[in-house]
Amino acid sequence: MNPLVPQVATIKNIVVETPDVRTFVVEPDHGQTFAYRPGQCAMVSVFGVGEAMLSISSTARRGGPLEFSVKRVGRVTGALHEAEPGHRIGVRGPYGNHFPVEDWAGSNLLFIGGGIGLAPLRALINHCLDERRRYGKFDIIYGARSPQDLCFQGELMENWPRAEDVGVHLTVDAADGDWKGAVALVPHFLEKLGPSPEGTTAITCGPPIMIKYTLASLKKLGFSDHQIVTTLELKMQCGIGKCGRCNIGSKYVCVDGPVFTYAQLKELPQEY
Ligand SMILES: Cc1cc2nc3c(=O)[nH]c(=O)nc-3n(C[C@H](O)[C@H](O)[C@H](O)COP(=O)(O)OP(=O)(O)OC[C@H]3O[C@@H](n4cnc5c(N)ncnc54)[C@H](O)[C@@H]3O)c2cc1C
Ligand code: FES
């Protein structure tokens, strides 16, 4: 089968997460949903418009349809936001590596997300929660521009805080009248919370600027480069290491990433 040919799929449901983020619940028209791991992506096409690489925000081990949580930024994401349930789209994948969950057995997990960066972390958090006893304590730090920009509020406010030994810590850049939580940028909030690096793996996803300062804050807190895992979001076209659109030095982010430890990132030319 040509790996560049998408499978035709139907949008079964659309969940409005925030004013500019929607989660699309998608099922292939023929055959089964492909197998995937947390952190992997797929290329989603709106016919006649184009394709966009998106993290898979559902968790494969829970069964059920694929989910993509999409921020409206341009042509393809804008066309997706205009779509209704029943609309046909294309999906090809899964692409990229995945979070190395097997390496984290026994470790405390510190998830740090910003904005739509919670999409791949959601898949990961739910995967790890389903294997809760393999890991130590979970802390989820998540920030958005404003309270109404917090994605996955059902999970953030209800499911995750109720799970055993899970701390959820929310922050916003700017509060509104009802917000009683923290008002701080994610890296500052992280430093204030001051999690111990002892036996902990930190996983961070978000806008590049947030990742840059979060990595610096984690280093300040004493995390080693090997204890920090992040994802890169370079522009992509083929998704299979052929077009050269996403390379950094000798690595193709679509194949060798998007998940990297900070130690691995430091070995790459600083082009990202
Ligand atoms: C591995 C990976 C995982 C991703 N996961 C998600 C996800 O789960 N949810 C989500 O909403 N988005 C995700 N993205 C980003 C998404 O691919 C882009 O937002 C999308 O391709 C934009 O397409 P568009 O046609 O709507 O925008 P365009 O019309 O092509 O561009 C609109 C604007 O967005 C910028 N832009 C386009 N693509 C990117 C990109 N990859 N990174 C930064 N800026 C970009 C353009 O420069 C332009 O300024 C991911 C990207 C990668 C590489
Ligand atoms: S997107 Fe084509 S090589 Fe990575």
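This is a predicted model: local features need pLDDT of at least 70, side-chain atom pairs count only at pLDDT 80 or more; totals for chains, interfaces and linings use all residues.
The protein contains 7 helices and 15 strands, and its C-alpha trace extends over about 50 × 45 × 35 Å along the principal axes. Of the 272 residues, 43% are buried. Among contacts between residues at least 6 apart in sequence, 72% join residues that are at least 24 apart.

Helix 1, which comprises residues 75–82, has a buried side formed by Val76, Thr77 and Leu80. Viewed down the helix axis, these buried residues fall within an arc of 95°, and they therefore line one face of helix 1. In general, an α-helix has 3.6 residues a turn, so residues three or four places apart point the same way. The face of helix 1 that is turned away from the buried side carries Arg75 and Glu82, both of which are exposed. The packing partners of the buried residues of helix 1 are strand 2 (21–28), strand 3 (41–46), strand 4 (50–55) and strand 5 (66–71).

The shell around ligand 1 consists of 22 residues, of which Ala52, Ser55, Gly74, Val76 and Thr77 come nearest. By class, the shell is made up of 12 nonpolar, 6 polar and 4 charged residues. Val76 and Thr77, which are among the residues that come nearest to ligand 1, are also buried residues of helix 1.

Helix 2 spans residues 118–129 and reaches 15 Å from its first C-alpha to its last, close to the 16 Å expected for its 12 residues at 1.5 Å a residue. Because 11 of these 12 residues are buried, helix 2 is largely enclosed by the rest of the structure. The buried residues of helix 2 include Arg122, Asn126 and His127, together with Leu118, Pro120, Leu121 and Cys128.

Isoleucine 248 lies in strand 13, which covers residues 247–248. With 18 other C-beta atoms within 10 Å, isoleucine 248 is classed as partly exposed, since a buried residue would require 20 or more such atoms. The C-alpha atom of isoleucine 248 is separated by 28 Å from that of phenylalanine 34, a residue 214 positions away along the chain.

Conventions:
Residues are numbered from 1 along each chain as its sequence is written. Chains are lettered from A and ligands numbered from 1 in the order in which they are written. Helices (H or I, at least four residues) and strands (E, at least two) are DSSP runs, numbered from the N terminus. The arc is that of the directions from the helix axis to the C-beta atoms. Two residues are in contact if their C-beta atoms, placed from the backbone, lie within 7 Å. The expected span of a helix is 1.5 Å times one less than its number of residues. A residue is near a molecule or strand if its C-beta atom, placed from the backbone, lies within 6 Å of it. Ala, Val, Leu, Ile, Met, Phe, Trp, Tyr, Cys and Pro count as nonpolar, Asp, Glu, Lys and Arg as charged, and the others, Gly among them, as polar.
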